[in-house]
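I wanted a look at the aromatic rings first, then the sheet. My notes follow.

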Amino acid sequence: MKFNTKAIHAGQKTEETSGAVMPPIFQTSTYAQEAPNIHKGYDYARVGNPTRTALEKLIAGLEDADEAVCFASGVAAMDAIMKMFRPGDHIITTNDLYGGSYRLFTKVFEPYGISFTFVDMTDIENIRENITDNTKLIWIETPTNPLLRVVDIREISELAKEKGILTAVDNTFASPYLQQPLNLGADITMHSTTKYLGGHSDVIGGAVASSNKDVIEKLRFQIKTSGAVPGPMDCYLTLRGIKTLAVRVERSVENAKKLADWLTNQPEVGKVYYPGLSSHPQHQLAKEQMKDFGAMISFSLKNDSIEAATKLMSKTKVFTLAESLGGVESLISHPASMTHGSIPKEVREKTGLFDSLIRLSVGIEDIDDLISDIKQAL
Ligand SMILES: *Cc1c(COP(=O)(O)O)cnc(C)c1O
């Protein structure tokens, strides 16, 4: 099956007792057994729930994975992946990383004895020279947040395989519609389903997909043992969102391309960061690795100050000032004071994260309204 068909049908079947076309919300904590340990595949809802199973099968289908495991949030999914490792293990990751991932790695797992090296992954030499005998995982995020750099998943996965290291990709910004890391050689792909998969800013969730049996077994053990499970209602909302993933992302990308082009011609605007612009340093790689360029745009102002950015953001009417991304509605945010505020100014500016940098999650509204909203705010 092709992607657009899988988004509707992968792992989905008509409910047996009633013929319901949609998977029911199985709101139960436990399941009747015929005799001890003789049951229909479910014994307790921390371990498994049919609504969750439907979602796991659907996400596995979208990522071309053998299996997917769903979690209560994106960070819970990452937490479970990190618990596959042990004190002394080393992980290489990107220096342009989702703030919550950075906090999880440095504040939770470093104190437990797992070490992390943060590098600019757009140059593979930075990875190669930091590999040690203890390196167990390379954690990729692409496109990166908020600078939208694009990292070569295939090249890094090849290097990792050579060295017996696992590769994991946080695929949240791209969504499986635009990028399928396992098909590029990665071992693990992870999502905050809160974003494009859910797509309507009404539910928090996370998922990990893989065809590596050992990885899946360890993640299922985590679900059972640490219990960061999503509820059936949350799984249902995410299932419902995924059905329109392809059409939503397509429209969002179409809008983002037009908006990015328009932004590059505005006298008040400094630099525009969008992989779809031919001026983007990894434009060619994005073209090869992704089906299309995504719907996240960042830009700076010629007047590079927090005040100028704040003024602009308080004036938008269609773009809502909020964290998060990937919903049908357009959002605007300010990384320097919101998601990346804890990073010192000099460090931020070294990576290109300027005070006036503004991040847009472009939704599916009419492009004319999106452009005129930013225009009046500028
Ligand atoms: C939001 C996000 C996460 C964390 O997911 P939650 O569902 O908020 O826990 C991880 N990675 C990226 C890239 C994200 O945008």
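I called two rings of Phe, Tyr or Trp (its six-membered ring) a pair if their centres lie within 6.5 Å. I am working on a predicted model here. By that rule I get six aromatic pairs.

I looked up Tyr-31 and Tyr-42 among them: their rings sit 5.4 Å centre to centre with 35° between the planes, a tilted pair. Both residues are in the loop between helix 1 (3-9) and helix 2 (50-62), eleven residues apart. Buried or exposed? I checked Tyr-31, and it is buried, because its relative accessible area of 16% falls under the 20% cut-off. Tyr-42 comes out at 22%, so I put it down as partly exposed.

Next I took Phe-116 and Phe-118, a stacked pair at 6.4 Å centre to centre and 25° between the planes. Phe-116 is buried at 8% relative accessibility, while Phe-118 is partly exposed at 27%. I also noted that these two belong to one aromatic cluster with Tyr-102, Phe-105 and Trp-139.

I find an open one of seven strands, ordered 1-7-6-5-4-2-3, with mixed pairing. Its edges are strand 1 (67-71) and strand 3 (115-119), each pairing on one side only. Neighbouring strands are turned by 20° against each other on average, direction ignored.

I picked out strand 2 (residues 90-94), which runs parallel to strand 4 (residues 135-141) and is joined to it by four bridges. Which residue of strand 4 is the bridge partner of Ile-92? I found Ile-138.

Last entry: helix 7 (residues 213-226) lies across strands 1, 5, 6 and 7, and I get about 25° between helix 7 and strand 1.

Conventions
Residues numbered from 1 in each chain as written. Predicted model: local features only at pLDDT ≥ 70, side-chain atom pairs only at ≥ 80, totals over all residues. Heavy atoms only, no water. Pairing = 2+ DSSP bridges. Helix = DSSP H or I, 4+ residues; strand = E, 2+ residues; numbered from the N terminus. Axes fitted to C-alpha atoms, helices over the stretch in contact; angles between N-to-C directions. Contact = heavy atoms within 4.5 Å. Phe/Tyr/Trp six-rings, centres within 6.5 Å; stacked < 30°, edge-to-face > 60°. Buried < 20%, exposed > 50% of the residue type's maximum accessible area, 1.4 Å probe, protein only.
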